[in-house]
Amino acid sequence: MSIDDHNMPTFQKLYESAPSSRQVAKFMTAAILGATLLFLSALTLTGTVLALIMATPLIVIFSPVLVPAGITTLLVVTGFLFSGGCAVAGITALSWMYNYVQGKHPVGADQLDYARNKLASTARDVTEKAKEYGQYVQHKAQEVTHG
């Protein structure tokens, strides 16, 4: 048995555990892309800080105008978004009601029918109890007047 035969399994294990060329290519691509993005991130941060340093005196000088303008802009944008949201909700509700009236069975129609039937049943029960109570009160009133 020679030295080469003794070391053969070690080299074979090393060869089998070595990454394939495809894995190496994937790793290199990811490393290059990550490094590029990290560089662009650092460059953007540096540019932002420099722009902020240069714009700070102008911001301080114009702040009595900029702050009210910013607040006004925020309020106007909020108003338009709220108005648009209400319009979308209204159109959706009207569309749902139209489909319900047409008998197209929109989403939630079963729950509405159940609630309507439950409400009608409860209203009938309350009406009957009110009539019974009215008759009871009338009967007691007659007893008091006659007795």
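**Helices and salt bridges in a predicted chain**

Biologist: Read along the sequence, which pattern does the chain follow?

Modeller: In this predicted model, the secondary structure comes to 3 helices and 0 strands. Read from one end of the sequence to the other, the chain therefore follows the pattern α-α-α.

Biologist: Which element of the chain has the lowest mean pLDDT?

Modeller: The chain averages a pLDDT of 88, and 89% of the residues score at least 70. Among its elements, helix 2 (residues 21-101) has the highest mean, 93, whereas the lowest, 63, belongs to helix 1 (residues 3-17).

Biologist: How far apart do the end C-alpha atoms of residues 74-98 lie?

Modeller: The unreviewed UniProt entry places the feature "transmembrane region" at residues 24-43 and 74-98. The span of residues 24-43 is 100% helix, with its end C-alpha atoms 28 Å apart. Residues 74-98 are likewise 100% helix and 0% strand, and the end C-alpha atoms of this span lie apart by 36 Å.

Biologist: With which residue does Arg116 form a salt bridge?

Modeller: Arg116 is partly exposed, at a relative accessible area of 47%. With the closest N and O atoms 3.4 Å apart, within the 4 Å cut-off, the partner of Arg116 is Asp113.

Biologist: How far apart are the closest N and O atoms of Lys140 and Glu143?

Modeller: Lys140 and Glu143 are 3 residues apart in helix 3, and are therefore separated by about one helical turn. Lys140 counts as partly exposed at 36% relative accessibility, as does Glu143 at 40%. The two residues form a salt bridge, and their closest N and O atoms are apart by 3.7 Å.

Key:
Residues numbered from 1 in each chain as written. Predicted model: local features only at pLDDT ≥ 70, side-chain atom pairs only at ≥ 80, totals over all residues. Heavy atoms only, no water. pLDDT = per-residue confidence, 0-100. Helix = DSSP H or I, 4+ residues; strand = E, 2+ residues; numbered from the N terminus. UniProt positions renumbered as here; feature names shortened; annotations may be inferred. Salt bridge = Lys/Arg side-chain N within 4 Å of Asp/Glu carboxyl O. Buried < 20%, exposed > 50% of the residue type's maximum accessible area, 1.4 Å probe, protein only.
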